Amino acid sequence: MTDAAPQPFRLGFLAFVEHSGIGGGRSRGLDEGLELFELAEDLGYDVGYVRHRHLEHYLSAPLPFLAAAAQRTSRIRVGTSVTPIRFEDPVRLAEEAGTVDLLTGGRLELGLSSGYSNNEATFAQAYGSIDGSLRAVVDERVQRFLHAVEGRSVAVADEQVPFAKAGAELPVQPVSPGLRGRIAYGAGSLASAERTGRQGLGLQLSTLNTEVTELSFEEAQLACIEAYRAEHAKVAGWRWHASVSRQIAPYTNAQEQAELQWLLDRDAQRQGGNPDLPFQFGRVAAGSGEQIAAALAGDVALAAADELVIALPFDYPACVVRRILTVAAREVAPALGWQRAGREVLSQDV
């Protein structure tokens with residue numbers, strides 16, 4: 001990072017949870033996901049995120065899963081990175097999020113995003129088409145969701161409503177205090193990061209940028225963090241929080257390296273550049289824990305962030321994923337200044 005003393009930051013992980021091995025009323029993939037959260041809490045992780053996918057064999061309904069994960073743990077925060085709100089009814093999502101937050105003791109960290117615009121024709125078949133631009137629809141749904149989470153009125157009772165007087169304003173039930181301060185947005189561009197700041201949300205930056213500039217991947221994300229904070233500073237009442245996701249490939253012998261070879265090969269291909277792709281990918285830090293920490297120490301975006309999220313690979317055996325999670329917590333993050341639970345929490349409820 002810099003020559004200055006390392007600053008405390010939160011450590012999180014981001015996992016693909018699979019719908020696999022279904023039988024006897026159980027799913028091996030879901031059970032392995034729950035076990036991952038238990039391991040992460042034992043390792044001292046501050047927060048665990050799951051990816052929210054649709055029409056794939058990964059987690060399509062993360063909130064009930066996170067409620068179950070919270071019942072298996074006592075401290076670690078649980079969240080999404082990210083929930084594509086294009087497929088959500090914002091009021092129903094607010095009801096479910098409030099319920100899960102109360103079930104978890106105020107540990108929900110909900111990340112939002114727009115959706116899969118490149119696949120709109122396919123997803124519209126399942127989730128209905130949208131009128132107008134995707135950007136306008138997403139902005140409207142985000143605002144409706146935030147208003148509902150804050151406990152503002154979402155409807156006015158008429159004479160036919162048996163549980164309220166006519167004219168009474170009706171908020172969603174339940175409203176969980178503090179949840180509004182733990183909602184973030186996944187941004188991939190400078191404009192999106194600025195918009196996130198203006199909305200008083202946390203910022204989630206992933207392992208790819210959705211725009212390509214003359215800046216390096218890390219420099220572009222640093223610019224996003226700085227722009228986000230500049231806009232967020234103008235919004236009263238909310239604390240900013242910026243997280244960055246990074247992939248690592250830890251190995252100390254030929255067998256461990258072979259287990260991660262597909263991840264390493266894909267990284268080499270991506271770093272080679274593809275002018276036809278409108279994306280910019282972050283590199284995979286590889287090698288021993290010490291080598292990975294040294295590589296991440298020069299990451300200017302990570303140096304400016306409040307949280308490092310270890311993005312775990314998909315379609316890998318549970319033993320490999322658990323090894324990555326363990327090396328990150330025991331060898332990599334402490335060398336970068338991370339301290340286990342017991343220090344000041346950077347993202348407090350407001």
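Biologist: How do the residues of the lining of the second largest cavity divide into nonpolar, polar and charged?

Modeller: First, the ground rules: this is a predicted model, where local features need pLDDT of at least 70, side-chain atom pairs count only at pLDDT 80 or more, and totals for chains, interfaces and linings use all residues. Residues are numbered from 1 along each chain as its sequence is written, and side-chain values use heavy atoms, leaving out hydrogens and water. Ala, Val, Leu, Ile, Met, Phe, Trp, Tyr, Cys and Pro count as nonpolar, Asp, Glu, Lys and Arg as charged, and the others, Gly among them, as polar, so the lining divides into 2 nonpolar, 3 polar and 4 charged.

Biologist: Is Ile324 buried or exposed?

Modeller: Ile324 is found in helix H12, residues 318-335; helices (H or I, at least four residues) and strands (E, at least two) are DSSP runs, numbered from the N terminus. Buried means under 20% relative accessible area, exposed over 50%, and partly exposed in between, with a 1.4 Å probe and protein chains only. Ile324 has 1% relative accessibility, so Ile324 counts as buried.

Biologist: Which residue forms a salt bridge with Arg10?

Modeller: A salt bridge is a side-chain nitrogen of Lys or Arg within 4 Å of a carboxyl oxygen of Asp or Glu. Here the closest N and O atoms are 2.8 Å apart, and the partner of Arg10 is Glu307. The pair links distant parts of the chain, 297 residues apart: Arg10 in strand S1 and Glu307 in strand S16. Both are buried, Arg10 and Glu307.

Biologist: Which helix holds both Glu96 and Arg92?

Modeller: These two form a salt bridge, Glu96 with Arg92. Glu96 counts as partly exposed because its relative accessibility is 33%. The two residues are 4 apart, about one turn, and both Glu96 and Arg92 lie in helix H3.
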